[in-house]
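Subject: A structure for you to look at

Hello,

Here is the structure I promised to pass on to you. Please open it next to this message, and then read on for what was found in it.

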Amino acid sequence: EAAAPLFEAAGSEEIAFGKMDDGNIHLLEGEWPYKGLLMIIKFPSMDVLLNFWNSPEYQEAIKLREGVVIPNFTVAIDKSR
């Protein structure tokens, strides 16, 4: 909740959101060892993402999830641009 306005202010766009057990994610092949939520979020650029990520405001929001969830973040570059 604390991070949502920060994502919005950074111009990010939610592309996908779901959990394996809610029918919104389908593993077609291989293994997916992660439980919980999967979000795919698009940022206008890598610079915008890094500025967002390293901002004091987001660093404070990160502290709210410590000990509550174990996040995994992966970044992919859109090569079509």
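One aromatic cluster is formed by F7, F43, F52, W53, Y58 and F73. Rings of Phe, Tyr and Trp (its six-membered ring) count as a pair if their centres lie within 6.5 Å; planes under 30 degrees apart are called stacked, over 60 edge-to-face, and the rest tilted. By this rule there are eight aromatic pairs. One of them joins F43 and F52, a tilted pair with 5.3 Å from centre to centre and 40° between the planes. F52 also pairs with Y58: the centres of these rings are 4.4 Å apart and the planes stand at 35°, so this pair is tilted.

Before going further, a word on the model. It is a predicted one, so local features need a pLDDT of at least 70 and side-chain atom pairs count only at pLDDT 80 or more, while totals for chains, interfaces and linings use all residues. Residues are numbered from 1 along each chain as its sequence is written, and side-chain values use heavy atoms, with hydrogens and water left out.

Are F43 and F52 buried or exposed? Both F43 and F52 are buried, where buried means under 20% relative accessible area, exposed over 50%, and partly exposed in between (1.4 Å probe, protein chains only). The value for F52 is 6%, and for Y58, also buried, the relative accessible area is 3%.

Now the overall layout. The protein has three helices and two strands, in the order α-β-β-α-α along the sequence. Helices (H or I, at least four residues) and strands (E, at least two) are DSSP runs, numbered from the N terminus. The C-alpha trace spans about 35 × 35 × 15 Å along its principal axes. Of the 81 residues, 16% count as buried.

After α3 comes G67, with a positive phi near 80°.

How many salt bridges are there? The count is one, taking a salt bridge as a side-chain nitrogen of Lys or Arg within 4 Å of a carboxyl oxygen of Asp or Glu. K63 makes it with E60, and their closest N and O atoms are 3.0 Å apart. These two residues are about one helical turn from each other, because they sit three residues apart in helix α3 (residues 56–65). K63 is partly exposed at 47% relative accessible area, and E60 is partly exposed at 47%.

Last, the surface. M20, L27, W32 and Y34 make a nonpolar patch of about 370 Å². Patches are made of residues with over 30% relative accessible area and no salt bridge: like charges are joined within 9 Å, nonpolar side chains (Val, Leu, Ile, Met, Phe, Trp, Tyr) within 5 Å. Accessible areas come from the Shrake-Rupley method with a 1.4 Å probe, and for residues only the protein chains shown count as cover. W32 lies in the loop between β1 (13–19) and β2 (37–42) and is partly exposed, with a relative accessible area of 39%.

Best wishes
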